[in-house]
Amino acid sequence: MGSGVQHALEQLKTTGVRITPQRHAILTYLMESMNHPTADEIYRALEPKFPSMSVATVYNNLKMFMEAGMVRELTYGDNSSRFDANVTDHYHIICQDCGKIEDFSYPPLHEVERQAELTTGFIVNGLRMELYGICSCCAGKRH
């Protein structure tokens, strides 16, 4: 288990949250699977180990992790929400064929945020940048 998981669990404990085995497993799965899973995918992956766990348990825990600022929900129109345990500033590139989402780092776009505020009068609270394309796996299948 990574030290990131341990640190996150310690952080939760300080807020008075009880660390159940399911909670531990959900958080570990999220932090170790970098594929931005849906709640259903998390449930299916953990269900063999926790037969009594329901999809609702997964959703409730994800909600609690989001409120603690440890997990981000990524919503895409009609598709199921995906969840990201990487809450540092980063961007996503999404495959238009298989839906795979990968993280990539790039310097923060503060200039874009400032320009948006100046132009619109909005107060910018956040930014989500996504690039779309075809992953190498799907590109290989096309030839």
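**Entry 1: overall layout.** I began with the secondary structure and counted 6 helices and 5 strands in the chain. I kept in mind that this is a predicted model. Reading along the sequence, I wrote the pattern down as α-α-α-α-β-β-β-β-α-β-α. I then looked up the extent along the principal axes, and the C-alpha atoms fill a box of roughly 50 × 45 × 30 Å.

**Entry 2: domains.** Next I turned to the domain assignment, which gives domain 1 as 1–82 and domain 2 as 89–139. For the contact between them, I found 9 residues from domain 1 and 10 residues from domain 2. I also noted how far apart the C-alpha centres of domain 1 and domain 2 lie, and the value is 23 Å.

**Entry 3: the interface.** How much area is buried between domain 1 and domain 2? I have about 700 Å² in my notes, with carbon and sulfur atoms giving 45% of that area. On the domain 1 side, I picked out His36, Arg72 and Tyr76, which supply 61% of the area this domain buries against domain 2.

Strand E1 (residues 72–74) gives the largest share of the domain 1 side that touches domain 2, namely 3 residues. Sorting that side by class, I got 3 nonpolar, 3 polar and 3 charged residues.

Entry 4: Which residues does the UniProt annotation "binding site" cover? The record, an unreviewed entry, lists Cys95, Cys98, Cys135 and Cys138. I looked up one of them in its setting: cysteine 135 sits in the loop between strand E5 (130–133) and helix H6 (136–142).

**Entry 5: salt bridges.** Back to the whole structure, where my search gave 6 salt bridges. One pair I followed up is lysine 13 with glutamate 10, whose closest N and O atoms are 3.7 Å apart; that falls within the 4 Å cut-off for a salt bridge. Why are these two separated by about one helical turn? Lysine 13 and glutamate 10 are 3 residues apart in helix H1 (residues 3–14), and that spacing is the reason.

Methods:
Residues are numbered from 1 along each chain as its sequence is written. This is a predicted model: local features need pLDDT of at least 70, side-chain atom pairs count only at pLDDT 80 or more; totals for chains, interfaces and linings use all residues. Side-chain values use heavy atoms; hydrogens and water are left out. Domain bounds come from an automatic or database domain assignment. Contact means heavy atoms within 4.5 Å. Buried area is the accessible area (1.4 Å probe) that two parts lose on being put together, summed over both. Helices (H or I, at least four residues) and strands (E, at least two) are DSSP runs, numbered from the N terminus. Ala, Val, Leu, Ile, Met, Phe, Trp, Tyr, Cys and Pro count as nonpolar, Asp, Glu, Lys and Arg as charged, and the others, Gly among them, as polar. UniProt positions are given in the numbering used here, feature names are shortened, and annotations may be inferred rather than shown by experiment. A salt bridge is a side-chain nitrogen of Lys or Arg within 4 Å of a carboxyl oxygen of Asp or Glu.
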